[in-house]
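The sequence and structure are shown first.

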Amino acid sequence: MEYLQYIIIISVLLIIAIAITKSKKKDFKIEINKLIECLGGKKNIIKYEANKSRFVVTLNDVTKVDKSAIQKLGAQGIVEIDNQLKIILGPEAKQLQKYIDELK
């Protein structure tokens, strides 16, 4: 009888953990879509790559970028060099590249 209680508790905790993980992934995809909009849309992005904690993106037109909105999305900093932005995101940079690859 005691084992049955432990199995039920563990099952409930696993279900909660799975639900939290799935909800975070959905939120992350929404944030990526917002970031793409802040960068001027898909057509404005020429090239992108994740480099450790930075997301480096080359753009057609840097004037279409909303830097303050990118920082509100969680960017720790933005460096602009010509038509390239280096956005410091932390460990999410690699995951961001993966999701944008799926969108393109």
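In this predicted model, the side chains of Lys67 and Glu80 meet in a salt bridge, with an N to O distance of 2.3 Å. Lys67 belongs to helix 2 and Glu80 to strand 3 (residues 77-81), so the pair ties together parts that are 13 residues apart in sequence. The count of salt bridges comes to one. Lys67 is partly exposed, at a relative accessible area of 33%. Glu80 is also partly exposed, with a value of 38%.

**Overall architecture**

The protein has three helices and four strands, and their order along the sequence is α-β-β-α-β-β-α. Of its 104 residues, 29% count as buried. The accessible surface comes to about 7,300 Å², and carbon and sulfur atoms make up 58% of that area. Among contacts with a separation of 6 or more, 57% are between residues 24 or more positions apart.

In soluble globular proteins, nonpolar side chains tend to be buried together. Here the largest nonpolar core has 23 residues, and those that touch the most other members are Leu39, Phe55, Val57, Ile70, Leu85 and Ile87. At least two residues of this core come from each of helix 1, strand 1 (45-51), strand 2 (54-59), helix 2 (67-72), strand 4 (84-88) and helix 3 (92-103).

Val57 illustrates how these parts meet. Apart from neighbours within four places in sequence, Val57 is in contact with Leu39, Leu85 and Ile87, and also with Ile45, Lys47, Tyr48, Asn83 and Gln84.

Thr58 lies in strand 2. Thr58 counts as buried because its relative accessibility is 13%, and the limit for that class is under 20%. When residues up to four places away in sequence are not counted, Thr58 touches Asn44, Ile45, Ile46, Lys47, Asn83 and Gln84.

**Strands 3 and 4**

Strand 3 and strand 4 pair in the antiparallel sense, over five bridges. Within this pairing, Val79 stands opposite Lys86 in strand 4. Lys86 is partly exposed, at 24% relative accessibility. Leaving aside neighbours within four places in sequence, the contacts of Lys86 are Arg54, Phe55, Val56, Gly77, Ile78, Val79 and Ile81. The C-alpha atoms of Lys86 and Ala50 are separated by 9.5 Å, although the two are 36 residues apart along the chain.

The hairpin of strand 3 and strand 4 has two residues between the strands, and Asp82 takes a positive phi there, near 55 degrees.

Most residues other than glycine have a negative phi.

**Accessibility of selected residues**

The table collects values for residues discussed in this report.

| Residue | Relative accessible area | Class |
|---|---|---|
| Thr58 | 13% | buried |
| Lys86 | 24% | partly exposed |
| Lys67 | 33% | partly exposed |
| Glu80 | 38% | partly exposed |
| Leu4 | 48% | partly exposed |

Leu4 is found in helix 1 (residues 2-38).

Definitions and conventions. Residues are numbered from 1 along each chain as its sequence is written. This is a predicted model: local features need pLDDT of at least 70, side-chain atom pairs count only at pLDDT 80 or more; totals for chains, interfaces and linings use all residues. Side-chain values use heavy atoms; hydrogens and water are left out. Buried means under 20% relative accessible area, exposed over 50%, partly exposed in between (1.4 Å probe, protein chains only). A nonpolar core is a set of buried Ala, Val, Leu, Ile, Met, Phe, Trp, Tyr and Cys residues joined through side-chain atoms within 4.5 Å. Contact means heavy atoms within 4.5 Å. Accessible areas come from the Shrake-Rupley method with a 1.4 Å probe; for residues, only the protein chains shown count as cover. A salt bridge is a side-chain nitrogen of Lys or Arg within 4 Å of a carboxyl oxygen of Asp or Glu. Two strands pair if DSSP finds at least two bridges between them.
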